[in-house]
Amino acid sequence: MFDFGNKTGTPQFASSGGPPPPKRKWSYDLLTTPVERLQKVVADIDRNCLNGSGPSEEELKDLDSICQALVADTVSVPTAAALNSFGHRLLRSVTTNANLKLDILREGRLRRSACALVALGQANMQASYYPEEEQAALAAQQTLAGRALRLGGEDTLSLECLKHACAPWEDLLRSSNRAGIRRDHRAIRLGEVAYQAYCELAALHCRRMQAAGTLTALSNAKEILEICPELRQAMWEEFLKSCLASARLYGTQKATDFLMLALVSLDHIQASNKRATHRSMLLRLLALNYLRLGNGLLAVSHAKEAVSAAPLESPCEGEGLKALLQILRQTSSESSSGAEVESVASRLMSHKSIDLPIKLSCASLLLQTGMHEEKVQDCLGHLEIDASVDFSARIEVIRFRLKLGASIVSAALSQELEGSEKFDGYFDPVLREVEGLLVEGANDEAVKALREAAAAELWKVASKAAARPNCKNAATWLVRAGDLITANRDKARCFASAGAYLRSDQPMEAIRLAQEALQLDPNSLQALLLSLDLLNIDGLEREGLMLEVGNSKQILKRLLKVRSCSIEHAAAAVQILQRSAAPDLLFDALEGLAGKLEDRTLDDASQTAESTTVLGESILAVITFLLKQCDEGKRPTEDYLRVVKLFERTSKCWGPLLVETLDSDASTESVCVAALSTIISSSWAHAQKLAVASSAWVSLVEFLEHFSKGLQGLEASEDPYLLTVRAWFWTLLASAKTQLAKASGTKGNHIASTSLVALDRAHHCSQRAVALRGSTVPPKTKTSPLLKAFGCHFDPAGLNNLFRVLVLLEFEARCLAGHPEVQLKQFVDEASGQEKVGHKSLLAMAKLGTDLHSRRLGIHCLQRYLRCFIGARNTSGDIDVAECALAYRELISLQASRQESLGIFEGVIQLLSGEGSDIAKSYPEDEFAWLVVAAWNNGCHFYRLRQYKMSEKWFSQSLLLAKHCPCKFDQDTMTKTYMDCLRLASE
């Protein structure tokens, strides 16, 4: 940095800190002296400035290094003159070239170097060559350099330049008295430059947030204004702006010092209205600052002085009154009385220079700080005198009085008062004035806006009154608000609200208001709900009532069709109809509520975890309620079907909620699980009723399809009871489809194929249930609500029964679907190998195979049964001989000829005569007799045909059977006939 404060008086150029800049290889490095190098650099810079580009960074650095070298050497007088010339040349390059495009930082650095050269030259020249006027010019250039460096962000260099700019003035103050300075033209010029430098110093300290430095700089600037009268009028405005800016910057704590500094400086300004205005403004700002500091006494005294100092009826006086009123209201307990506040408020209201909005805001302030409404009304009386001249002002005053009256009535209602007295005294006169203006200027936009404002304020008051029980005026105020409102929708809302308030005491008037509301807005939800409510009030004649609007069913339909009808509105309709004896209407309302809930499930953007839970519980509750209505009202299957379709569509919403609940320990206490249990019970009962009606297979299939798909929303659940429930529903669906396939003739193949799909899902659910069973049942599932609702016990026997049913249904469906005989026989073989299938199932499959497919398939089933029978006899001995006898008889009857059945008779004889066999003893007597007779008749048949060998075989089988048969046959006759046949066969 440059330093001109050395003892020798020779200016020195010091480094700005850090290591010296590296030497660069310039084209003029071979020049031997710094002056020669300086001459080259100045010439280059001058040329660049003429071109408009300005000095480069390298040139500025080189100029800086040359100045450092010159400071270190002794400068002769000729050299000093050259330095002075070079400096002025650089300054001219900066100031005179109009085409120069130079950023603020480079300009500051160039000016600083140029000033350094001028100062270095002048310091080493003889006094005769150093004009005193150039000292002020140099200080001015240093001030400009400091300002440019400050704006460029070089605070340290800027501070150094500004201090050098102030140094001549400070030297002059130390060497001369103030009286001599005032008579010296050169001194005044130095003072002017120093004033600018001090203002720049203040701005620099402000940016660095150095309050002490800012205050010192501004104090020095104020001192210059005191010494030099010629500068006061021209410079004081700028000084005032600097003080105010500093006061705003440093906040409440430091603002007082700067404001007091500006206030003291006013003593040296000639008396005028401008001076009085500034003084009033500063006193007002000081008063508000003292208020923020918590010094109420000083705040009040300065505010009063601000009002006294301001010119009469001036805007400044108005601002002072406003500040004084604010301070008095906030410090009322310290230094002011109510009478003083009222006096200031009245004076402010009547002040001509204050705009109406400010006056009204002051009135609002009085209300907020606790002044009585009556006092505020008195203050507003001064406004009406002025406002009556200006129509728009009158509108504003009326608007304010509307809000004031509404607040007065609302305050009375909040204190549980009737409010009518306050309404009549404060609100009603303003409303009447508004109604009068409507007649005077009905087409005026301002009047229309005032009308809407009056209606809005009246609506607020009336709504608050309607919220209180037994408020006599609520309905009247609501109707009056409706008369003021111009929009039909808002009018309808007012009339519907009034009707809702009168529904109990004056139902006929409420009906009239509801009709009027619906005429204004046919989609008014509030009016539709009110109409629905009124039509279902006990004791009212409903016939012929509200003919213009419609009956309850029509109104409910209109309500649910309105686009803005929400879940809350649909729920309100359900609550209304629950009180009526109209189950059909209640069912329609519940269905409408379910539709609204379903629509909400589709809106993914509005869903949160909590809202999804509530939504799922609500949907299950509504479905439960709908099924209850179906059960109690014995509603048709179509209604059940609509409910289960809703159950299916909303499964994505309640499914995850139920899965989480069923797999938790809280499932036994869950409302959702209880609702699901009720839904399952009701649906199963209805499905059983449809199954009994043999002509309802189509309805049953559709019902079970939608319900089973709805249960698929619980696919992720690991609750064994739920899996068993789902398996039984899929099984019932498969059974219904199988029966439908039987009744559909040629179309039965496709239906039977879909039945197989349902059976696959039933198998899948039952297998998962078996896998989850384990060794013990988890404690939480022992009391599962699903177990209580459905009645299915999760034990091996129950699942075995389900498996047998599934096997029989699958076999029947395969037969109806037209599967090849080979595949069907393979299925029978695989099923017979399952212990859980049982022997009886094979008998049933034999009957099904014979009826639905072929005789051969029936025979195959019976053969598999007999194999299983014989195997069970050999292993456990616990067999049912009666079933075996029936199987043999059925097998015999299925044979295509008598010859084919001979082997079956031989098998029976072998079974009866086996070692240790006691089957003959338990073989049914009538079946035994049938076998003996059937074999003998077959022998007689062949005997008549003279096929004696074949006849002999049948007679022999009959005689062998007769030995074991407990029935008595004529053995002699049978033996004689056999011997004759044997003789004939041998011939």
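This is a predicted model: local features need pLDDT of at least 70, side-chain atom pairs count only at pLDDT 80 or more; totals for chains, interfaces and linings use all residues.
Okay, cysteines. How many disulfides does a search of the whole structure find? It finds 0. Take Cys-981 as an example: its closest cysteine sulfur belongs to Cys-940 and sits 9.1 Å away, so that's too far for a bond. Cys-981 is also buried, at 0% relative accessible area. Cys-49 is another buried one, with a relative accessible area of 0% as well.

Next, a helix: α38, which runs over residues 821–832. With its 12 residues, α38 spans 16 Å from first C-alpha to last, close to the 16 Å you'd expect at 1.5 Å a residue. Which residues of α38 are buried? Those are Glu-821, Leu-824, Phe-827, Val-828, Ala-831 and Ser-832. They're on the same side of α38, because the arc they cover around the axis is only 130°.

Ser-755 is in α34, residues 748–773, and it's buried, with 0% relative accessible area. So what does Ser-755 touch, if you leave aside neighbours within four places in sequence? Its contacts are Ala-734, Lys-737, Thr-738 and Ala-813. Then there's Glu-319, over in α13, residues 315–330. Glu-319 is partly exposed, at 33% relative accessible area.

On to the rings. The count of aromatic pairs comes to 11. One of them is Tyr-250 with Phe-258: the centres are 5.6 Å apart and the planes are at 10°, so that pair is stacked. Both partners are buried, with Tyr-250 at 12% relative accessible area and Phe-258 at 1%. Now look at Tyr-943 and Tyr-948, where the pair is edge-to-face, with 5.4 Å centre to centre and 75° between the planes. Tyr-943 counts as partly exposed, at 32% relative accessibility. There's also an aromatic cluster made up of Phe-647, Trp-654, Trp-684, Phe-707 and Phe-729.

Last item, charges over rings. Where does the charged end of Arg-493 sit? Over the ring of Trp-459, 4.3 Å from its centre. And Arg-635 has its charged end over the ring of Phe-587, 4.2 Å from the centre of that ring.

That's my tour, thanks.

How values were computed: Residues are numbered from 1 along each chain as its sequence is written. Side-chain values use heavy atoms; hydrogens and water are left out. A disulfide is a pair of cysteine sulfur atoms within 2.5 Å. Buried means under 20% relative accessible area, exposed over 50%, partly exposed in between (1.4 Å probe, protein chains only). Helices (H or I, at least four residues) and strands (E, at least two) are DSSP runs, numbered from the N terminus. The expected span of a helix is 1.5 Å times one less than its number of residues. The arc is that of the directions from the helix axis to the C-beta atoms. Contact means heavy atoms within 4.5 Å. Rings of Phe, Tyr and Trp (its six-membered ring) pair if their centres lie within 6.5 Å; planes under 30 degrees apart count as stacked, over 60 as edge-to-face and the rest as tilted. A charge sits over a ring if NZ of Lys or CZ of Arg is within 6 Å of the ring centre and within 35 degrees of the ring normal.
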